[in-house]
Amino acid sequence: MTSTRPSTRAPLGAAGLVLAGLFCQELGASFAVLLFPTVGALGMVTLRLVFSAIVLLLVCRPTFRGYSRHDWFVVTIFGLALGAMNVLFYEALARLPLGTAVTIEVLGPLLLSVIVSRRAASWLWAVLAFIGVALLSQGGLEELDPVGVAFAAGAGVMWASYILMSARTGSRFPRLDGLAIAMAIGAVVTLPFGLGTAGPTFFSPVVLLLGLAVALLSSAIPYALELLALRRLPAASFSILMSLAPAIAALAGALVLGQGLTLVSGIAILLVVVASAGAVRSASLHRKRQSGLAEPVL
């Protein structure tokens, strides 16, 4: 008799990789916040993007020849979206708790999935998410900084743009070449701002070492774990697990930064997690139904 254990272990192992990647990413964001007093949010963004670009360029070794002007236009827009997403998110982190910033940022991809699905029922998930975000201001935390909320919302918009441009870039550049080039573009664009903010401190060996650690935790390690997970996990299941980002961010913020959560704040984040997972699940089921209807009857 053939054992079915390997088939059950693979998804569980892949799910573990996704969760580990998410925790590394939010842990990196927590360590980044600790560097804000030294180099500022813009300096930290620059450190992350520069080291992430160096790692990706060394690992991927992308070719720069054989691409059209439109290819370069697409990857440049991708790089600008990536850079803007990081700048806005880190500026939000300078003003909001980590869990709150990620919860608001998640609204970008959530709304994108709802719009793409073109189903009225999907908007119920968006409404649930907005109720959760509205509860955050009533969660017993300090009154939310409106500028920080605006930065987090802007990061969400850029995250949705990042997703769209990532798909277009991936269709024009092989493997992770497009991501490596886009990361380098984002690093070059933010470099003057980061140097202007941090000054000579930017080149301190301790700061550079911590910047490298943040880049590895926030980018390199999560990307590698996600790629391994996607080989064994359906895309829909992967997306549902990624919906746990706000909850994991809140946990990392509590463990590393001492950012406590009240019951109301916890419920607010849970609502956004459920809404994100529900939107992904709903879209997946809708695609399966459409695929089934499209199949010819033999």
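Tutor: Take Trp72, which is partly exposed because its relative accessible area is 27%. Buried means under 20% relative accessible area, exposed over 50%, and partly exposed in between, with a 1.4 Å probe and protein chains only. This is a predicted model: local features need pLDDT of at least 70, side-chain atom pairs count only at pLDDT 80 or more, and totals for chains, interfaces and linings use all residues. Residues are numbered from 1 along each chain as its sequence is written, and side-chain values use heavy atoms, with hydrogens and water left out.

Student: How many aromatic pairs does a search of the whole structure find?

Tutor: Rings of Phe, Tyr and Trp (its six-membered ring) pair if their centres lie within 6.5 Å; planes under 30 degrees apart count as stacked, over 60 as edge-to-face and the rest as tilted. The search finds eight such pairs. In one of them, the ring planes of Tyr67 and Trp72 stand at 90 degrees with centres 6.1 Å apart, so this pair is edge-to-face. Phe202 and Phe203 also pair edge-to-face, at 5.3 Å centre to centre and 75 degrees between the planes.

Student: Is Phe202 buried or exposed, and what about Phe203?

Tutor: Phe202 is buried, since its relative accessibility is 5%, whereas Phe203 is exposed at 54%. Tyr67 is buried at 17%. Together with Phe64, Trp72 and Phe173, Tyr67 forms one aromatic cluster.

Student: Which residues is Thr46 in contact with, leaving aside its neighbours within four places in sequence?

Tutor: Contact means heavy atoms within 4.5 Å. With those neighbours set aside, Thr46 touches Thr190, Leu191, Gly194 and Phe202. Thr46 belongs to helix 1 (residues 5-60) and is buried, with 0% relative accessibility. Helices (H or I, at least four residues) and strands (E, at least two) are DSSP runs, numbered from the N terminus.

Student: Where is Val106 placed?

Tutor: Val106 sits in the loop between helix 3 (98-105) and helix 4 (107-117), and is buried at 7%. Beyond its neighbours within four places in sequence, Val106 contacts Trp159, Pro246, Val272 and Ser276.

Student: What span should helix 10 have?

Tutor: The expected span of a helix is 1.5 Å times one less than its number of residues. Helix 10 (residues 245-257) has 13 residues and should therefore span 18 Å; its end C-alpha atoms are 17 Å apart, which agrees. Its buried residues include Pro246 and Ile248. Just after helix 10, Gly258 adopts a positive phi of about 70 degrees.
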